[in-house]
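Subject: Structure handover and what turned up in it

Hello,

Here is the structure I promised to pass on. Please open it alongside this email, and then read on for the notes.

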Amino acid sequence: MCAGALCAVFALLLTLGQAVQTRHRAGAAADLAALAAADHAPHGTRRACAEARRVAEAQRAGVVRCLVHEGVADLTAEAAWGPYRSQVRSRAGPPAAVR
C-alpha cells in the first residue's frame, strides 16, 4: 500500500514537471522570437515574423500570433510536450517603445 502511494506521488510529480517544462519552453521561445522579430522589424512585418518563426522552431515551439508595429514585436509562442500545451505572449523593441 505504501509503495502504491509513493508511485502515485511520483507520477504526480512527473506530470507537474512536464507541465512546468512546457511552460518554460514556451516562455523562452516567445522571448527569443520577439527579440528576433524586433531586430528584423526595419525590414518589414513579413520578414520579422518569418525570422520569429524560424527562431521559435529552433526552440521546438511555434509562433501563434505575430504583430510588428513601429519597431515593437508583439507575439505569442506555443510549445507542446506530451498532453500539455502552453502559450506565452512576449513583446520586444526599442527601450522607449516597449511599456
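First, a definition for the sheet: two strands pair if DSSP finds at least two bridges between them. Helices (H or I, at least four residues) and strands (E, at least two) are DSSP runs, numbered from the N terminus. With that in hand, Ala79 stands opposite Ser86 in S3.

Two notes on the source. This is a predicted model, in which local features need pLDDT of at least 70 and side-chain atom pairs count only at pLDDT 80 or more, while totals for chains, interfaces and linings use all residues. Residues are numbered from 1 along each chain as its sequence is written, and side-chain values use heavy atoms, with hydrogens and water left out.

The strands

S2 and S3 run antiparallel and are joined by nine bridges. Their hairpin has two residues between the strands, and Gly82 there takes a positive phi near 60°. S1 and S2 also run antiparallel, with seven bridges joining them. In that pairing, Cys66 stands opposite Leu75 in S2. The hairpin of S1 and S2 has two residues between the strands as well.

Glu70 is found in the loop between S1 and S2. Its phi is near 55°, a positive value in a residue other than glycine. That is worth a look because most residues other than glycine have a negative phi. Glu70 is exposed, with a relative accessible area of 68%; here exposed means over 50% relative accessible area, buried under 20%, and partly exposed in between (1.4 Å probe, protein chains only). Another positive phi in a residue other than glycine belongs to Arg60, near 60°. Arg60 is in the loop between H2 and S1 and counts as exposed at 60% relative accessibility.

Helix H1

How far apart are the end C-alpha atoms of helix H1? They are 56 Å apart, which agrees with the 56 Å that the 38 residues of H1 (residues 2–39) should span at 1.5 Å a residue. The expected span is 1.5 Å times one less than the number of residues in the helix.

Several residues of H1 are buried, among them Thr22, Arg25, Gly27 and Ala30. The buried residues of H1 pack against helix H2 (45–58), strand S1 (62–69), strand S2 (72–81) and strand S3 (84–92). Arg25 has a further feature: its charged end sits over the ring of Trp81, 5.9 Å from the ring centre. The rule for this asks that NZ of Lys or CZ of Arg be within 6 Å of the ring centre and within 35 degrees of the ring normal.

Thr15 is also in H1, and is partly exposed, with a relative accessible area of 33%. A polar atom of its side chain lies 2.9 Å from the backbone oxygen of Ala11. The C-alpha atoms of Thr15 and Gly82 are separated by 9.8 Å, although the two residues are 67 apart along the chain. His24, another residue of H1, counts as exposed at 54% relative accessibility. Its C-alpha atom is separated by 12 Å from that of Arg89, 65 residues away along the chain.

Which residues does Asp74 contact beyond its neighbours within four places in sequence? Asp74, in strand S2, is in contact with Arg65, Cys66, Leu67, Arg89, Ser90 and Arg91; contact means heavy atoms within 4.5 Å. Asp74 counts as buried because its relative accessible area is 9%. Its side chain makes a polar contact with the side chain of Arg89, at 2.5 Å. A polar contact is a pair of N or O atoms within 3.5 Å; within protein, one must be able to donate a hydrogen and the other to accept it, and residues adjacent in sequence count only if both atoms are side-chain atoms.

His40 lies in the loop between H1 and H2. It is buried, with a relative accessible area of 17%. Leaving aside neighbours within four places in sequence, His40 is in contact with Arg47, Ala48 and Glu51.

Best wishes
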